[in-house]
Amino acid sequence: MSKEILYSPEAIANRLKIVDPKVRTPSPEQSAIIAAPLEPAVVIAGAGSGKTETMSARVLYLIANGLAKPEEILGLTFTRKAAGELGVRIRSKLRQLRDPRVGLEIPRGEPVIMTYHSYAGRLLNEHAIRYGIDASSDPMGEAAIWQMAAKIVSSWPDDEFTSESALSTVIYDVIGLSRMVLEHMTSSDEIKKISENLLEQLEALGTKSNETVRTVQKVLQQRISILPMVEQLISTRQINGELSFDDQMSLAARIAMEIPEVVEIERSKYKVVLLDEYQDTSQSQVRMLSSLFGDGHAVMAVGDPCQAIYTWRGASAGTIGAFAKYFPGKSDGKGRASAKHFSLPITYRNDKIILELANNVSGQI
């Protein structure tokens, strides 16, 4: 039996206006998101569309209606600054909601707001020992990773290894390929097998090959030759407990995928999960989160595919479009229900003049 909803998003906004007259009544699009059912949902929200305000209002709605306790709500975003701003916004709104003048009885406690990496780091601190790895330290910086890779490459014991590239290029390639191995949860053997298969196909062209084909062959041969260095770089970091960002995220994903007890703990701890800037999540992060909170859990992801900026870490603008694949709705006995889709189409940063111009232009099309 579903819980009775006592306060609509508009009713909560009106209560808050008693304390803060500047509180805005949510738009119809915002209200639909704020009052969305406790099931997977994705929100497409462009810059200036009021997504932070909407997410904060959803937290208040859930708490005010007893749908979730404050500490049962987990909010993840990318940077410490964004996490801090979201946390401040929510705590401020909760204080207003608890003001005696508002007339509501709101339980004590606060939602858990942190970065994606901080959350992964917490999983590592608690469970990495299962893999014999000490993951208690902060991730290695780029300079430290470069120094470790440079030491491996420059002192590589295989006399048969040769490369036409500069030493710095080989180091860069080793670091880059190690990131891809971890991000896509593959292995050197798999990469070698695929690369050798491609080489055989290219060599079969014989005299039909051209400069482009020969360049691809050279790249594949170089990739195969540095795979042992890639393995050495990854294993050295893990043995020494000096993990990179990629090491930590890959290991956190493994923990979520392979240890059922962790999934049970996290799902029981957090009834509702809000994922900010979802378009910038990497494959490792998606694997971690979907393993923990897939299968119909109340996950709401917010993002804009036009603002993906972490492609160098494995993020993809297509990630948000594939949300339903990783966070499907609960089974209704006839198959998986699709995740809910919402959007915030209005940007509130635009000046009135810009909006008038936009309306004029749209009217002429």
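This is a predicted model: local features need pLDDT of at least 70, side-chain atom pairs count only at pLDDT 80 or more; totals for chains, interfaces and linings use all residues.
## Helix H7 and what follows

H7 itself covers residues 167–183, 17 residues in total. From first C-alpha to last, H7 reaches 24 Å, close to the 24 Å expected at 1.5 Å a residue.

## The overall picture

Zooming out, the protein has 14 helices and 6 strands. Its C-alpha trace spans about 80 × 60 × 45 Å along the principal axes. Of the 365 residues, 45% are buried.

Take the contacts with a separation of 6 or more: residues 24 or more positions apart account for 80% of them.

## The largest nonpolar core

In soluble globular proteins, nonpolar side chains tend to be buried together. Here the largest nonpolar core has 39 residues, and the ones with the most contacts inside it are Tyr119, Leu275, Met288, Leu292 and Phe293. Two or more residues each come from strand S2 (73–77), helix H5 (116–127), helix H10 (245–258), helix H11 (260–269), strand S4 (272–275), helix H12 (283–293) and strand S5 (298–303). H10 supplies the largest share, with 7 residues.

## Helix H5

How far apart are the end C-alpha atoms of H5? They are 17 Å apart, which agrees with the 16 Å that its 12 residues should span at 1.5 Å a residue.

H5 is mostly covered, with 9 of its 12 residues buried. Those are Tyr116, His117, Tyr119, Ala120, Gly121, Arg122, Leu123, Leu124 and His127. The cover over them includes S2, strand S3 (112–115), H10, H11, S4 and H12.

## Aromatic pairs and a charge over a ring

A pair of aromatic rings is described by the distance of the centres and the angle of the planes. The structure holds 5 aromatic pairs. Tyrosine 119 and phenylalanine 293 make a tilted one, because their ring planes sit at 35 degrees, with the centres 6.5 Å apart. This pair ties together distant parts of the chain: tyrosine 119 is in helix H5 and phenylalanine 293 is in helix H12, 174 residues apart. Tyrosine 119 is buried at a relative accessible area of 0%, and phenylalanine 293 is buried at 1%.

Tyrosine 278 and phenylalanine 327 pair edge-to-face, at 6.4 Å centre to centre and 70 degrees between the planes. They too link distant parts of the chain, 49 residues apart: tyrosine 278 is in the loop between S4 and H12, and phenylalanine 327 is in the loop between helix H13 (323–326) and strand S6 (340–344). Both of these residues are buried. Ring pairs also bring in Phe323, giving a cluster of Tyr278, Phe323 and Phe327. Elsewhere, arginine 254 lies over the face of tyrosine 131, 4.3 Å from the ring centre.

Is strand S1 (residues 41–45) largely enclosed or open? It is largely enclosed by the rest of the structure, because 4 of its 5 residues are buried.

S1 runs parallel to S5, and 4 bridges join them. Valine 43 stands opposite valine 302 in S5. S1 is also parallel to S6, joined by 5 bridges, and there alanine 45 stands opposite leucine 344.

Technical notes. Residues are numbered from 1 along each chain as its sequence is written. Side-chain values use heavy atoms; hydrogens and water are left out. A nonpolar core is a set of buried Ala, Val, Leu, Ile, Met, Phe, Trp, Tyr and Cys residues joined through side-chain atoms within 4.5 Å. Buried means under 20% relative accessible area, exposed over 50%, partly exposed in between (1.4 Å probe, protein chains only). Rings of Phe, Tyr and Trp (its six-membered ring) pair if their centres lie within 6.5 Å; planes under 30 degrees apart count as stacked, over 60 as edge-to-face and the rest as tilted. A charge sits over a ring if NZ of Lys or CZ of Arg is within 6 Å of the ring centre and within 35 degrees of the ring normal. The expected span of a helix is 1.5 Å times one less than its number of residues. Contact means heavy atoms within 4.5 Å. Two strands pair if DSSP finds at least two bridges between them.
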